[in-house]
Amino acid sequence: MGEAVRIEDVNKKYGKKTVLEDIHLSVKAGAIHGLIGPSGAGKTTIVKLIAGMETPEHGSVNVLNKKMPNIHVLKNIGYMAQSDALYSNLTGSEHLRFFASMYKLKKSEMNERIAYAANLVNLTEDLSKKVSAYSGGMKRRLSLAIALIHNPSLLILDEPTVGIDPELKLQIWDELLRLKKEGKTIIVTTHVMDEAERCDVITMVRNGKRIAEGTPKELKQRYGTEDFDLVFLLAGRNDK
Ligand SMILES: Nc1ncnc2c1ncn2[C@@H]1O[C@H](COP(=O)(O)OP(=O)(O)OP(=O)(O)O)[C@@H](O)[C@H]1O
């Protein structure tokens with residue numbers, strides 16, 4: 001399998017503050033790749049670079065073999081941001097229609113995709129409600145449905161399951177595994193170690209640096225523990 005994302009030698013600053021330093025990252029096509037790290041580590045900045053929303057001071061970001069930002073690549077990316085960018089006066093259904101129309105889906109395909117995405121995130125019954133009446137978890141679920149609406153080949157999910165109950169979280173992970181089987185590439189950021197263990201490859205990020213990478217099994221073997229929280233702590237200590 002080829003590479004879906006390649007980041008080489010990336011440095012990123014906000015003002016004078018360096019938030020990413022010498023980042024190299026290769027995401028295999030068809031894999032679920034997790035970015036794990038404490039708050040402020042730089043995970044969101046990395047996914048924004050991949051989604052073409054930020055550009056690095058130094059280095060390169062290639063997605064689906066094109067240098068980012070690239071307008072043709074954007075339609076193959078589904079991006080779920082950490083904070084929900086929704087219109088409080090529109091209903092769930094209006095959101096899905098609006099985003100589907102941006103991707104120029106045909107009417108029949110649009111209806112099919114809306115039904116699929118709404119069902120996946122358990123929002124079918126709530127589609128006619130305005131977003132102002134949605135709970136935080138419902139807004140997260142709607143954002144995920146929007147990210148999936150155009151059937152993108154690369155899904156970038158920034159903390160997708162925050163505020164989502166355990167049952168739905170499992171359901172969403174089952175669906176991510178199914179999408180992977182279809183050949184989609186999924187990049188997911190998380191603080192939650194049980195989610196990390198579901199990824200094919202994990203990159204651990206701390207203070208803007210990549211401190212460890214491997215499959216969950218490799219990382220556990222490398223640090224001699226089955227406890228993923230401990231893997232992360234040990235990887236962090238080695239970096240000091
Ligand atoms: N637009 C911005 N302007 C200035 N600083 C920023 C901006 N965006 C992020 N930062 C800083 O960059 C660093 C990395 O932030 P980032 O959001 O990438 O971390 P994160 O690992 O995603 O954290 P979290 O898990 O809390 O979302 C932090 O120190 C943050 O304060």
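Predicted model: local features only at pLDDT ≥ 70, side-chain atom pairs only at ≥ 80, totals over all residues.
1. The radius of gyration is taken here over C-alpha atoms, and the globule rule sets it at 2.2 Å times the number of residues to the power 0.38. For 240 residues, a compact globule would therefore have a radius of gyration near 18 Å, and the value of 18 Å for this protein agrees. The C-alpha trace spans about 50 × 35 × 35 Å along its principal axes.

2. The average pLDDT of the protein is 92, and 98% of the residues score at least 70. The ipTM is 0.96 and the pTM is 0.92.

3. On the fold, the protein contains nine helices and ten strands. Of its 240 residues, 39% count as buried. When contacts between residues at least 6 apart in sequence are considered, 65% of them join residues at least 24 apart.

4. The ligand site deserves a separate point. Around the ligand stand Tyr14, Val19, Gly37, Ser39, Gly40, Ala41, Gly42, Lys43, Thr44, Thr45 and Gln82.

5. Which helix gives the most to the shell around the ligand? Helix H1, formed by residues 43–50, does so, with three residues. Lys43, Thr44 and Thr45 are among the residues around the ligand, and their numbers fall within the range of helix H1.

Technical notes:
Residues numbered from 1 in each chain as written. Near = placed C-beta within 6 Å. Helix = DSSP H or I, 4+ residues; strand = E, 2+ residues; numbered from the N terminus. Buried ≥ 20, exposed ≤ 12 C-beta atoms within 10 Å, placed from the backbone. Contact = placed C-beta atoms within 7 Å. pLDDT = per-residue confidence, 0-100.
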